[in-house]
Amino acid sequence: MANGKWQIASLKIAAFLDDLLKAHRVFAPVKRDGLVSFEPIGRGDEALLGFRNSKRSPKEIFFPCSETLFAYQEGEITVVPLLEERRVIFGMRPCDARSLILLDKVFDAPDYQDPYYVARRENTVIIGLGCNRPLSTCFCTTVGGGPFAVDGLDLLFTDLGDRYLVEAITERGEALVADSPHFREETTADVNLKAEIAARAEQAVSGPSVEGVKEQLDGMYDDPFWDELHEKCLGCAVCTYLCPTCHCFDIVDEAVNAQGRRVRNWDSCQFPLFTLHASGHNPRPSGKERMRQRMMHKFRYFVENFGEVACVGCGRCVRECPVNLDIRAVIEAIRTS
Amino acid sequence: MSELEELLRETARQLLAEGSIELVIGYERGTLPLRTTPCFIRDPDQVERLVWNASCENNLATYLHRATGKVGIVAKGCDARSIVGEIVERQIAREDVVIIGVPCQGVIDRTKIEARLDGRDVLEADVSEGLITLRGEGFEETLNLGEVLSEGCVTCHHRDPTLYDVFIGEPSGGAVEDRDEYAAVQALEAQTADERWAYFANEFSRCIRCYACREACPCCYCAECFVDQTQPCWFGKGDDLSDVMAFHIVRAYHVAGRCLDCGACVRACPMHIDLRALVKKLEKDVRELYSYEAGLHLETVPPLATFQPDDPQEFIK
Amino acid sequence: MSAEVEPQADWEPKIIAFLCNWCSYAGADLAGISRIQYPPNVRIVRVPCSGRVNPLYIIKSLQHGADGVLVSGCHPGDCHYISGNYYARRRFALLKSLLEFVGVEPGRVNFSWVSAAEGEKFSQVVKDVVETVKALGPAKRLVK
């Protein structure tokens with residue numbers, strides 16, 4: 001236990017979460033209407049442990065679909081208070097945790113901090129769950145992540161069958177577990193089993209390499225490659241909204257006469273409206289420019305600006321795209337172009 | 001590869017080679033089991049990519065809005081009816097589209113498969129002789145295709161195109177199952193307003209405003225959708241339930257008398273929202289009130305673009 | 001969002017009425033001139049024709065404070081623009097059916113034919129609508 005590792009019986013997880021609930025709002029995976037989502041739970045036993053991943057990414061716990069920034073009524077402005085309550089997210093997958101590191105580069109940067117996002121990040125402890133069985137659509141290992149990677153996590157739980165190995169990644173994580181009566185000393189067998197499981201899981205993940213993709217894209221802006229790629233794209237926002245790293249938004253006023261509110265909503269570069277100017281000119285007039293933008297942003301511009309690919313290989317866009325426009329195939333095509 | 005696919009490819013090859021069309025829009029193998037993906041073929045040597053099977057779920061008619069020149073399109077029954085609708089509404093000219101009709105046994109509803117698999121990851125799938133075999137890590141399961149077809153397909157009476165230039169294969173025959181296509185709508189109609197509101201409020205609480213439903217729908221081709229208008233701004237774009245429901249109510253309403261239950265909207269929705277409930281209800285109303293079914297004839301006037309002096313009006317005081 | 005708020009004891013429903021200029025608006029005017037009493041809960045919006053009423057107006061009204069909506073036009077065959085009310089009839093049949101299907105209470109959204117000579121009828125229609133909506137309580141579905 002002194003080395004930041006513990007063991008907890010699977011049957012004790014609910015009790016651990018119940019304890020956390022005394023002082024935190026706890027988000028855990030639950031099944032609602034047939035879909036898995038991260039939602040606040042009322043009791044520890046509501047948490048779903050045997051799941052692959054949530055339909056929607058947990059980015060919305062930090063960057064909601066829609067949030068009111070402030071309200072106004074005849075000159076009086078009411079600011080929505082920043083998050084103060086303490087929260088725990090239990091069961092986040094390493095890919096989604098890594099995406100928060102990427103979102104931090106945008107929303108918590110040296111030159112700009114988004115107060116709404118930062119408050120949420122500061123007040124939330126993240127307990128990760130390693131992926132014993134990655135999906136065939138996962139490709140985290142090719143984009144800087146892994147099924148047992150710890151970027152963005154405060155704690156990592158690994159399912160060993162009837163018990164979990166628990167590893168503290170940060171002091172915050174350690175503090176959550178250190179005094180809890182539900183945790184026991186881990187054994188060498190636990191650690192070894194975890195290593196075995198992690199190695200197997202890592203082997204199971206496969207996807208396109210992003211080596212050289214940035215360099216390829218540097219020279220591809222005017223390439224005819226983009227002419228036909230976008231044709232089947234419907235121009236909806238499924239990929240961008242389910243993506244844990246996509247973060248574009250629109251700020252609008254919803255007002256009637258002198259009263260209303262200013263709202264931040266998710267927005268998508270795949271909508272024509274996203275870049276439509278008031279003059280009527282649209283610098284990205286067709287699906288071709290918008291598809292190019294998406295790929296460039298994720299695999300070239302973000303690398304230039306922040307040194308990382310803006311994709312964590314979670315596979316949501318791959319599974320959910322209504323026309324099976326597969327980003328893995330696009331990356332491969334760019335690489336070999 | 002089936003005989004049907006061979007015929008399909010040959011037809012496409014001929015049409016492209018002889019220059020009567022510049023492009024064939026069809027389906028090709030997808031990157032995941034149980035998926036095909038729309039493909040756009042301009043070179044006659046590429047026609048080998050074309051496939052036709054129970055995973056050909058997308059309604060390709062939606063791509064005709066952006067097409068230029070003369071286009072060939074692989075069309076199952078519902079897709080062909082959508083094309084009829086697009087011609088009637090002057091979105092494409094009849095002479096600019098060559099409809100390659102294919103018989104349809106129904107398309108697979110992947111949400112039904114997911115429900116059966118309950119989290120298990122399918123790595124391979126085979127469909128043959130009315131059976132579907134799913135294989136993954138440590139499991140193999142065989143189901144009747146009929147159990148996992150899209151709801152709309154099960155009761156569809158227009159499985160073959162009502163309009164085509166070429167028809168590949170043998171006609172499909174009547175509905176897959178002889179049951180009332182409006183049963184689900186009637187079940188909802190029998191509930192109280194409170195119960196229905198609770199149902200729809202719950203369904204639409206999942207909506208993320210991705211507009212996949214709108215983009216997948218061949219009827220939704222407005223250059224500026226009402227929900228994107230700012231002058232005036234009709235409804236908010238956030239997650240306020242009132243705005244979300246308003247979007248879906250109005251979108252369904254805008255396709256009244258035009259929607260033919262192809263299911264593209266509900267298949268595109270990542271949140272598995274019961275969108276069909278709304279459009280199917282309107283389809284039933286249009287049929288009962290105005291004896292109209294969309295997409296059957298080129299010489300037709302959409303029901304909201306016309307009237308009869310003795311139209312029903314018991315609802316009017 | 002659809003919070004069940006207990007209406008205050010003195011709550012009065014707010015009804016938005018879209019009246020066609022040539023028949024229903026004139027009918028309402030006649031009711032006024034004839035000193036026929038009817039509840040003051042209607043807020044009238046004059047439109048050239050019932051066919052001009054965009055279904056989105058009805059939904060937006062319910063979103064933004066209307067407890068009930070009334071659309072009234074000329075009797076079939078009498079439309080000043082010949083056929084506007086015929087198109088409206090089809091449009092509103094479907095809209096009303098859809099709104100009620102979604103769970104908006106029957107009686108929130110109402111339609112009538114009132115001619116320029118039917119001042120008495122107009123007042124009766126308004127009385128009926130106000131009474132129905134009063135019984136339903138404040139609008140709680142689709143309210144923003």
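Before we start, residues are numbered from 1 along each chain as its sequence is written, while chains are lettered from A and ligands numbered from 1 in the order in which they are written. Since the model is predicted, local features need pLDDT of at least 70 and side-chain atom pairs count only at pLDDT 80 or more, whereas totals for chains, interfaces and linings use all residues.

Let me begin with chain A, whose domain assignment gives domain 1 (5-204) and domain 2 (213-335), with bounds that come from an automatic or database assignment. The centres of these two domains of chain A, taken over C-alpha atoms, are separated by 26 Å. Across the boundary, 32 residues of domain 1 of chain A are in contact with 27 residues of domain 2 of chain A, where contact means that the C-beta atoms of two residues, placed from the backbone, lie within 7 Å.

Within chain A, please look at strand β6 (residues 87-92), where five of the six residues are buried, that is, 20 or more other C-beta atoms lie within 10 Å of the residue's own, with C-beta atoms placed from the backbone. Strands here are DSSP runs of E with at least two residues, helices are runs of H or I with at least four, and both are numbered from the N terminus. Two strands pair if DSSP finds at least two bridges between them, and β6(A) pairs in the parallel sense with strand β2 (residues 25-32) of chain A over three bridges and with strand β7 (residues 124-129) of chain A over five bridges.

Now to chains B and C: 36 residues of chain B are in contact with 36 residues of chain C. On the chain B side, the elements that give two or more residues are α5 (183-189), α6 (193-204), α8 (241-254) and α10 (276-290), and the largest share, nine residues, comes from α8(B).

Which residues have the most contacts inside the largest nonpolar core? They are B:A212, C:I15 and C:L98, in a core of 183 residues, a core being a set of buried Ala, Val, Leu, Ile, Met, Phe, Trp, Tyr and Cys residues joined through C-beta atoms within 7 Å. Helix α3 (residues 84-102) of chain C gives the largest share of this core, 11 residues. A second, separate core of 46 residues includes B:L50, B:L64, B:V97 and B:V98.

Notes. A residue is buried if 20 or more other C-beta atoms lie within 10 Å of its own, exposed if 12 or fewer, and partly exposed in between; C-beta atoms are placed from the backbone.
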